[in-house]
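Student: I'd like a close look at one part of this model: the aromatic rings, and what surrounds them. Please walk me through it slowly.

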Amino acid sequence: PSWTLSMIAAVSRQLSQLYAHAYLYQAYQPTYSSGHYAFMFASDDVHPMRHPIDWRAYADKRMQLHYHTPDVHYAAFALPAFADAVVQRNSRVSLADGFETRRRQEHSAQEGPGDDGEGE
């Protein structure tokens, strides 16, 4: 994929000044000529890694998706080092704490309430 780093820098800087949460993310988009596309997520209320997503409701819809999964959703926010460095230099926000929050949430959800992880 090609990255226009000057555009990433400018947009990251502008959106992080306007919104509490402004993050670059990427996706494979087969209809786009290179297949790779980058987007910006911006919100004052929703943090893309800390805001809970009801994945059970998502699963209950029984959508026959061939690409999107919860892991692909979160992985879209993991950037190559060179792109992340540009965002960090030009933005006041970081996703690092969001990834750690997600890991803790998943660990808690896997254990369940009162589950010590030992099984029966």
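Tutor: Let's start with the chain as a whole, then go to the rings, and then to their surroundings.

This is a predicted model, so local features need pLDDT of at least 70 and side-chain atom pairs count only at pLDDT 80 or more, while totals for chains, interfaces and linings use all residues. Residues are numbered from 1 along each chain as its sequence is written, and side-chain values use heavy atoms, with hydrogens and water left out.

The protein chain has five helices and two strands, counting DSSP runs numbered from the N terminus (helices are H or I, at least four residues; strands are E, at least two). In sequence order they run α-β-β-α-α-α-α. Of its 120 residues, 26% are buried; buried means under 20% relative accessible area, exposed over 50%, and partly exposed in between, using a 1.4 Å probe and protein chains only. Take contacts (heavy atoms within 4.5 Å) between residues at least 6 apart in sequence: 59% of them join residues at least 24 apart.

Now the rings. Rings of Phe, Tyr and Trp (its six-membered ring) pair if their centres lie within 6.5 Å; planes under 30 degrees apart are stacked, over 60 edge-to-face, and the rest tilted. There are six aromatic pairs in the structure. One of them is Tyr37 with Phe39: centres 5.0 Å apart and planes at 55 degrees, so that pair is tilted. Tyr37 is partly exposed at 32% relative accessible area, and Phe39 is partly exposed too, at 27%. Then there's Phe41 with Phe77, where the centres are 6.3 Å apart and the planes sit at 85 degrees, so the pair is edge-to-face. This one links distant parts of the chain, 36 residues apart: Phe41 is in strand β2 (residues 36–43), and Phe77 is in the loop between α3 (70–75) and α4 (81–90). Phe41 is partly exposed at 22%, whereas Phe77 is buried at 6%. Step back, and ring pairs link Tyr25, Tyr37, Phe39, Phe41 and Phe77 into a cluster.

What do these rings touch? Leaving aside neighbours within four places in sequence, the contacts of Leu24 include Phe39 and Phe77, along with Trp3, Ile8, Leu79 and Val87. His21 lies in strand β1 (residues 21–28) and is buried, at 15% relative accessibility.

Leu24 also takes us to the largest nonpolar core, whose eight residues are Trp3, Ile8, Ala9, Leu24, Leu79, Ala83, Val86 and Val87. Helices α1 (5–18) and α4 are the elements that give two or more residues to this core, and α4 has the largest share, three residues. A nonpolar core here is a set of buried Ala, Val, Leu, Ile, Met, Phe, Trp, Tyr and Cys residues joined through side-chain atoms within 4.5 Å.

Finally, have a look at α1. Its buried residues are Ile8, Ala9, Ser12, Leu15 and Ser16. They cover an arc of only 155 degrees around the axis, so they sit on the same side of α1; the arc is taken from the directions from the helix axis to the C-beta atoms. Ser6, Gln17 and Leu18, on the other side of α1, are exposed. Among the elements covering the buried residues of α1 are β1, β2 and α4.
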